[in-house]
Protein chains: 2
Amino acid sequence: MTAQEQAPDVEADGYVQPEVDVEAMRALLDGRHREVRDLVRTNLAEHAQVLLDQEQMTTADFRERVKDVVVTMAATGQTGMGFPEEYGGGGDIGASIAAFETLALGDLSVLVKVGVQFGLFGGAVLQLGTKPHHDAYLADLVSGRTMGCFAMTETGHGSNVQALGTVATYDVEAQEFVITTPDDASRKDYIGNAAAHAELAVVFAQLDVAGERHGVHAFVVRIREGGEVVDGVRIEDCGPKMGLNGVDNGRIWFDGLRVPRTALLNQFAEVTPEGRYLSPIDNPNKRFFTMLGTLVQGRVCVGGAGINASKVALAIAIRYAVRRRQFEATDPEQEQVLLDYGMHQRRLLPLVARTYALHFAQEVVAGQLHEVFSGPGPTEEGSDEHARRMLESRAAGTKALGTWHATRTIQECREACGGAGYLSENRFAALKADTDVFTTFEGDNHVLLQLVAKGLLTDYAGEFEEMDQLGMARFVAGLAVDTVVERTAVHKLVQSVRDLLPGGDTWDQEAGLLDPNYQLAMLRFREEHMIGGVARRLKRGIDQKENAGAVFSRVQDHVIAAARAHTERLVLEAFVAKTAELPDGDLKVALNLLCDLHALSTIEADRAWFMEHGRLSSTRSKAISREVNALCRKVRPLARPLVDAFGVPEEMLRSPELMAWGD
Amino acid sequence: MTAQEQAPDVEADGYVQPEVDVEAMRALLDGRHREVRDLVRTNLAEHAQVLLDQEQMTTADFRERVKDVVVTMAATGQTGMGFPEEYGGGGDIGASIAAFETLALGDLSVLVKVGVQFGLFGGAVLQLGTKPHHDAYLADLVSGRTMGCFAMTETGHGSNVQALGTVATYDVEAQEFVITTPDDASRKDYIGNAAAHAELAVVFAQLDVAGERHGVHAFVVRIREGGEVVDGVRIEDCGPKMGLNGVDNGRIWFDGLRVPRTALLNQFAEVTPEGRYLSPIDNPNKRFFTMLGTLVQGRVCVGGAGINASKVALAIAIRYAVRRRQFEATDPEQEQVLLDYGMHQRRLLPLVARTYALHFAQEVVAGQLHEVFSGPGPTEEGSDEHARRMLESRAAGTKALGTWHATRTIQECREACGGAGYLSENRFAALKADTDVFTTFEGDNHVLLQLVAKGLLTDYAGEFEEMDQLGMARFVAGLAVDTVVERTAVHKLVQSVRDLLPGGDTWDQEAGLLDPNYQLAMLRFREEHMIGGVARRLKRGIDQKENAGAVFSRVQDHVIAAARAHTERLVLEAFVAKTAELPDGDLKVALNLLCDLHALSTIEADRAWFMEHGRLSSTRSKAISREVNALCRKVRPLARPLVDAFGVPEEMLRSPELMAWGD
C-alpha cells in the first residue's frame, strides 16, 4: 500500500477525493467534434507503422511513405473537412481544425504535410482565389491528386513578409506575369512540399504593374509538370532537418517564369488585361494584412497541434511515473513509485493542468474561427472586421503559448523518463525534434506576441495592422495612457471585479486562493497594468524626442510580457468558463482541481511581478506555493485517468520500455 | 549607422565602453591547459568531416567512423591525459578534463565514445583495479586497441545503483565468480560501446560469497572475443536514439558467466581463494560510496561538456544576431540587426554571461579534482575525506547546472535563429539531440541535487553518503536546526558579510546593485535560509511522527532548491574571484560587466524568493530588472568578441546559412 492510498478519502474540510470517469472526461475534451476526432484516431492506428518507418527508412523513402499516408487519409475525408462540399470537402471549418489537432497525436511529418497541402496551399487557393481558381484546383488538391506548396518565406525574410524580394511584373503585351528572384536572399526557403512533390505553388511576390509597386500578392504557379521541374524554376533540397524529415522542404528560384494573368489569386486585387490595378481595399498595408488575415487558420492549427503533442508526452510520462519505482522512501521494503515523490508531482502535474487549460482555450479560438469564417468574407457586407482582428490576435497568442508549452512539456517529460526517454522507440526523440520548429513556423512566437500587443494597445483599431514598429510607437505615444487602457476590454472587467468584491482595494488580500474570481482578477490586473506600462513607457520616450524604434526596442520585453499576460488571461477564462458550465459531480470537482492548479501555478510563476506591483504580500505568495503543492497531492491519484482521457491511441504511445517495466 | 554605434563611448557616469581583445580573453578562458585545448581544437578541425558524416551515414557506418576517429585521436595523446605515463598516458588529470571539455565543441558521439572508453571504462579499471589489472589492461585501453564498456545501469535501476539486480556468486571450488542476470529488470541497459565494439566490460554486480551479500562490486569481464560475443553473454542493440547515434548502446544479459577470481577490481575489497571477504572499509554503504566517489571525474567531464556545447550554440546564434536584419525599426531605410532589439539581447546575453560564469566554476571543480586525485587515495593515509565529499558534491551540483544550461541555451539559440536553426547543417539539430541526455547520464540532475543537499544538511559528515532518504530525514530531524545551519560553511560567510557591510540588517537595501559583495551576500543568504528551512521542515514532520519518507517527499522541492542555491553561490563566487584577480584594464571591465549581468540575472530569476523573505523591496526588485536591461545594452557591442573568445574552431560552426546571409 502506498502513502497515497493510505490517505483518507474525506479530509477534515469535507473535501472528497473525486474519481475521474475516463470516458466522460474524454467526451468533454473531444467536444462537438468527437466523431471526426475518432475518425482521425482510427486512421492513426491504421497507419501506426509510420512511427517505425520514421526511424528505419531513408529520408527519400520516408518522404514517399508520408505522402502515401496523407493521400490515403485524404480519401477518408479527414483532411478536407474545411473545403466546400462541391469540391469534395466537408464544409465544416471547426471539424477541420479538430481533425488537424488530433492528427498531432501521431507522426508529425504526416501532420505537417497535411498542413502544407490542405492548410497552407489549399487554404490560400480557397481564401485568396476566386471561383475559376476553385474550379480549376480545389477538387484535385482536396483529393491529394495534385500536391502544392506555399511559397512565402524567403531566406532574407521570414518574419517581415511585407519586405519579400520576389517580383511579379505584369507584361501587358503578353497578358502575363513574369516572376523573378532578384537575388539569393529572395529565394523561397524552407518551403514544405517543394523539394519533391509539389506540382503547384502559391507564390508570394511584389506585384509590379507598369513600374508601380502594389505590395505582396499571391499567384498560383505550376512548378512541376509530370514530376519534372519546369523551365524558369530552380529547386534545391533544404537537406536534413532536426525533425519532420518526412516533409520535403526546398528552396525555389524563379528566373523570369511567365504565368497567365489569371494566375493572380484575385479575391482582393485584380489586374485587368490592359494593365489596370484594381482592389476593393485602397490602402496597400490594409490589403496585405487582410489577405494574411484569411490565412489565420494555419496559426490556430499549429497551436492546437502543439497542445496535442504535449498530451502524447504527458500520457507516456505519467504512465511511466505511476509504474516506475526507484529508491526506498516511505517503505523500507519496497521502492517508491516516481509520482509519489513531491518533486515529480511538481514537474508533471502542473503541466497536465496547463494542457487542459490550453485545450479549452484552443476550443474557444477554433470555435471563433469557425464562426468568423462561416460568415461573410472580409470585404463583404456584414463582415465584422473587429471580430477578425480579435480572432487573429487570439490565434497568435494561443499559438505562441501552445507551442512553447509543447517544447517545455516534451522536454520535462523526457527528463522525467530518464535514459529510457532517450530511446527513439519511446517517442520523445521524434516528438521533440518534430515539434521544435512549431515555435517558429506560422510566425515566430515573439513576433506573434508583438502582434497581440499591437492589437491591445490600439484596441484593434482598423489601422493597427498597417503600422510597423515605428508607426505603432508613435501612434501609441500620441494617445493618453488612460485612453489606451480604457479602450481595452480588460479595463471594464477589472473595474467590475473591483466593484463586486468586498474589501475595496484590498480584495486580493482577502479572497480565497481557490476562488476563480480572485484568480481571474489577478490575471486581469496584471494584464491591464502591463498594457498601461507599455503605453506610458512609449509615450515617455517619444516625448523626450527619442527615436521611436529605439524606444520600442527598449520596451520590447514589456510589450511581449503584456501580450503574454493577455493570452494567459484568455486561457484561464476559457478554463474557468468550461468548468463553471458543468453540472455538479466528480467531473466538475476534478476539473476544478486542475483549474485551480493551473491558475495558481500561473500566478506563482509570476509571483515576483505581483509582489512588485503590490498585489501579493510575501505571506500570501508563500501560501500560493503551498497550495500548489497541496493541489498536486490531490491531483496525484487522478493523474492516470486524466491523461487516459486525452484519448491518445495506444499505438501512438509505443514506448514498450516505459509502459512495461515496473508492473 | 546603428543605434548602438551612435551611443557615446563615454557615459555621464564616466563609464567607458571597453574593447575586448579576443586573444587575451581566450587565453584567460583556456587557462593553464591552453596547450591541450589547442591540440583538441586541431584534432577537431582535422576530423570536421564527421559532422557531415553524422547526417549522411547509416547508423552502422557512423558507429565505425566514430570509433575510428576516437582511435585516431587517441594516438595524439589527447584522450589518455589522465592515465599514468607508464601505460602511455599523460599523467595529468587536469589536462584530461580540459581535453574532454574541449572535445564538446565537436561531434558529441565522438565525445561520448571517448567518455565511455577512457573515462568510464578506463577510469573504473584505473580507480577500482590494482596493479595486475593496470598491467593487463591500461596500455591497450589507452591506445584504443581494446575497447571496453561500463556496465552499471540496469533497466530497473538507473538512479538507485545500490539496488542493482545482477549477481556475482563466488564459487570456491572453481575459484571463479559466476555472473547472472536474474530477471529482465536486471539486464544492463543503455551501455555505451556494448552493442558493437566493447571486448571488455566493467560489470557492477551484487557480490555473493558463501551466501552472504556484500553489496555492489565491479568486475572486469570479457564479453567479446575477436568480435564475437562470448558464451554466457547475450547482447542486444538499444536501437535508434534521439541523438548520439555514433555510440553503440546496448543491453547485456549474463547467463552464469564464469570469470576468474582476479576479475574482481580489488582496490577496495578482496575475496581470497578460499572465499574470505576482506575490505579496508567495514561499512558496506561506505565502501560502495567510496568506490563510486572515485568515479567522480565522469560528472566533472559531463558538466564541462554541457558548458562547452553551450558555447557552440551561442557562437552561432550571436554571429547570426549581429548580421541578420529584420523589420525597419530605428531606421526607415534599413532593417535592424537582430541583436539591436531589446528582446533579443535579453534572450541571448544573460546566457553568454552565465556561460562565462559556469566556465570559471567548472575550472574550480576541475582544479579541485586534479588536487584530490593527484593526492593519496581514499583509503590511504593523508587522504582528506572531507575534501573528497566536498568535491563530489560540487561536481554533482556543477554537472546539474551545466547540463541544464546546455539544454536551455541550445533551445534558445535555435529559436533565435528561426527556421534556419532547424536545418541540420546549422548544427542545432545535433547539438540539441546529442546533449539532451546530459541531464540524465552520470546521474539524473534532480538526484544529483539531492546528493548535494544531503552533504549540506549533514556538513559532509562521514556517514552522509550511507544514508538513504529515510535515514537522512531522520538524521537531520535529530539535530537542532541551528546546528545544521551553523555547520554549513555559508553560515560563517553570511555572518561576516553582515558584520562588514554598513547598515546592519538593512545592508541589502542600501548596497550598490553592482557591488559583488552585495550580489554574493544575497546568494549566501538565500542558501543559508533554504538549508535552515529544509532542516526545520524535516524536523517538524518527524516530530509529528509522520513517515520519514513521506516528509521527505513533501519537502523534496525545497531540498532541490537549497542544493541549487548552494551551487549558484559557488558559481558566482568563482566568477567574482576570477574577475577580482585580473589586473585593471578592458578585460577586467568586460568581465565585470558579464559578472554583474550574471549575478543580477540570477537574483532576478529568483526575485520572488528574495521578496518573500524580506531581502528585496519591490522597488529594488524592479531596479534589478532595469539594471539587467542596462547591462545587456552595455554587453551588446562586445557580444561578437565575447563568443569569438570561446575559441570554437570555424569548422565546428558550419552553419553556412547563418553565417553568410545578411552581410
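## Close-up views of a predicted two-chain model

View 1. The side chains of Arg41(A) and Asp38(A) come together in a salt bridge, with 2.9 Å from N to O; the term stands for a side-chain nitrogen of Lys or Arg within 4 Å of a carboxyl oxygen of Asp or Glu. Both residues sit in helix H3 (residues 34-46) of chain A, three residues apart, or about one turn of the helix. Helices here are DSSP runs of H or I with at least four residues, strands are runs of E with at least two, and numbering starts from the N terminus. Over all chains, the salt bridge count comes to 94.

A word on reading these views: this is a predicted model, in which local features need pLDDT of at least 70 and side-chain atom pairs count only at pLDDT 80 or more, while totals for chains, interfaces and linings use all residues. Residues are numbered from 1 along each chain as its sequence is written, chains are lettered from A and ligands numbered from 1 in the order in which they are written, and side-chain values use heavy atoms, leaving out hydrogens and water.

View 2. Look for Ala168(A), whose bridge partner in E3(A) is Ile179(A). Four residues lie between the strands in this hairpin, where Gln175(A) takes a positive phi near 55 degrees. E3(A) also pairs with strand E10 (residues 250-260) of chain A, again antiparallel and over five bridges. Here Thr180(A) has Asp255(A) of E10(A) as its bridge partner.

**View 3. The hairpin of E5 and E6 in chain A.** Nine bridges link strand E5 (residues 200-209) of chain A with strand E6 (residues 212-222) of chain A in the antiparallel sense. Ala201(A) stands opposite Val221(A) in E6(A). The hairpin has two residues between the strands, and Ala210(A) takes a positive phi near 50 degrees.

**View 4. A hairpin in chain B.** Strand E13 (residues 325-328) of chain B and strand E14 (residues 335-337) of chain B run antiparallel and are joined by two bridges. Arg325(B) can be found opposite Val337(B) in E14(B). The hairpin from E13(B) to E14(B) passes through six residues.

**View 5. Where chain A meets chain B.** The contact (heavy atoms within 4.5 Å) takes 83 residues from chain A and 84 residues from chain B. About 7,000 Å² is buried between the two chains, and carbon and sulfur atoms give 52% of that area; buried area is the accessible area (1.4 Å probe) lost on putting the two parts together, summed over both. Met242(A), Tyr422(A) and Glu612(A) supply 11% of the area that chain A buries against chain B, more than any other three residues.

**View 6. A salt bridge across the interface.** Arg414(A) forms a salt bridge with Asp436(B), and the closest N and O atoms are 2.4 Å apart. Between chain A and chain B the count is 10 salt bridges. Helix H20 (residues 548-580) of chain A gives the most to the side of chain A that touches chain B, with seven residues.

Conventions
Pairing = 2+ DSSP bridges.
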